[in-house]
Amino acid sequence: AAPTPLLPAKEQVAAASGGALERLLLRSASPTPGEPIEVEHDDSPRSSVDTPSVVEPAKLSGAASALLVLVCACLISSTGLLTRAAEVDGQVLYSPFAASLFSELGKLAIGVVWAMAERTPFPPPAELGRAALAFVPPALGYVVVNNLRFTLVQVINPGLLQLLWNLKIVFIGALYALPPFHRRLELHQWGGAAILVAGTCAAEASQWEVSDSDGNSMTGDAWGMALVAVSLTLTSASAVACEHAYKSTDLSLPRQNIVLYSYGAGLNLLAATALREEVSLADLSLSSLTQHFSGWTWAVVAAQSLAGFSVGAVFKYVDSVAQVFADVCAMIVAAAVSHFLFGLALNRLFLVAMLTCAAALCVYYADKLPPNTPCVARLLRRARPLRGHSPAIVEMLRSAPAKNELVREQGIGDGGESRPGGEERVGLAGERCESAQY
């Protein structure tokens, strides 16, 4: 077949390929707009339904991106800080289950509006049933973890807790290494995990004998460490189960969120009525659920409702680099506020520990930081072997900034066979399922 005339890259691939994966790869990894490449013409007929138009999310300006990252960092760090501020004499007087109930209702409302804006056909009952079953395990895990965090903030300084919470990536990596996943950590991920463990140990050591103005330990001593270990295990297992639920069901993302948040609202409502003698389903009312609520409590509800969606917004409208930066900023914000309001000791060891943890996040997500390709590496690593795809796609991928990794893994473009085994590597999917938890 003779080569076609030189056209802009996206137009060539639209003409040469009809696969959904190819179109997605093209949108994420195409060469510089307007740069010509030669492609071989494919004479096979293409159906018009094979090439639907996909609207690419508009990227924000520099100032808007910075503002979104800052808002995301503040929301991530504010959940623990506001929870501590809502305490009265070190005690949580309101029902944590009631606060979590209103947070889940807020997320559910956002999900319903999002699903209505999509205007997609209502899914068949069979698919709804599969989704309802798939989301039971992560919903149960998140209900426990979300309410356990109220106890964690009582026992551990919120600035220290924000730093320790980054250990979830180590726990998730360990879970993915087990059957049935058998995913492997790359060398830089092992390095980032090791640095993160060292940083969190240093942070614990920096506050081990420090107490606040009321004489309470900053770390919670052995009890606090045990609570953190249990919470990280639960949240990591819930994230893995949540990823499986998202990938194993065919509902749109907003409808999947509706299923997850409906479980969260229902389970928290049952817990709020079952564990408080003064509240029962028979005399359930808004005033009974919001007993001892204050302005700080409603701020906790709002922060928990919006934090997860802000993480998703950063991924969609900026990139994964910005989300790593938001995590680092959240540690800094939580530490600074905790120092001035809750007595966190910003000694030299803690500052070194915080810088170490920030560096660990950058090392762990090093493959998410290729120049000029914000989300290509994550997408390409999840691609199936690409032998047999159109020459245009092969040529495009070989010239893309992330080509070396894909060529090594899949053996495309160089006459090599795809690597056997189909191993997957640990990436952002499991970690960011935790955004459903905030």
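**Close-up views of a predicted model**

**View 1. Cluster of aromatic rings.** Y94, F102, F150, F293 and W298 are joined into a cluster by ring pairs, a pair being two rings of Phe, Tyr or Trp (its six-membered ring) with centres within 6.5 Å. Across the whole structure, a search finds eight aromatic pairs. The model is predicted, so local features need pLDDT of at least 70 and side-chain atom pairs count only at pLDDT 80 or more, while totals for chains, interfaces and linings use all residues. Residues are numbered from 1 along each chain as its sequence is written, and side-chain values use heavy atoms, without hydrogens and water.

**View 2. Aromatic pair of F135 and Y246.** The rings of F135 and Y246 lie 5.4 Å apart, centre to centre, with 80° between their planes; this is edge-to-face, the term for planes over 60 degrees apart. F135 belongs to the loop between helix 5 (125–134) and helix 6, and Y246 to helix 10 (residues 221–248), so that the pair links distant parts of the chain, 111 residues apart. Both F135 and Y246 are buried (under 20% relative accessible area, 1.4 Å probe, protein chains only).

**View 3. Crossing of helix 6 and helix 11.** The axes of helix 6 (residues 136–155) and helix 11 (residues 253–274), lines fitted to C-alpha atoms over the stretch in contact, come within 9 Å and cross at roughly 50°. The contact (heavy atoms within 4.5 Å) involves V136, A139, L140, V143 and N147 of helix 6 and L260, Y263, G264, L267 and N268 of helix 11.

Methods:
Axes fitted to C-alpha atoms, helices over the stretch in contact; angles between N-to-C directions. Helix = DSSP H or I, 4+ residues; strand = E, 2+ residues; numbered from the N terminus. Phe/Tyr/Trp six-rings, centres within 6.5 Å; stacked < 30°, edge-to-face > 60°. Buried < 20%, exposed > 50% of the residue type's maximum accessible area, 1.4 Å probe, protein only.
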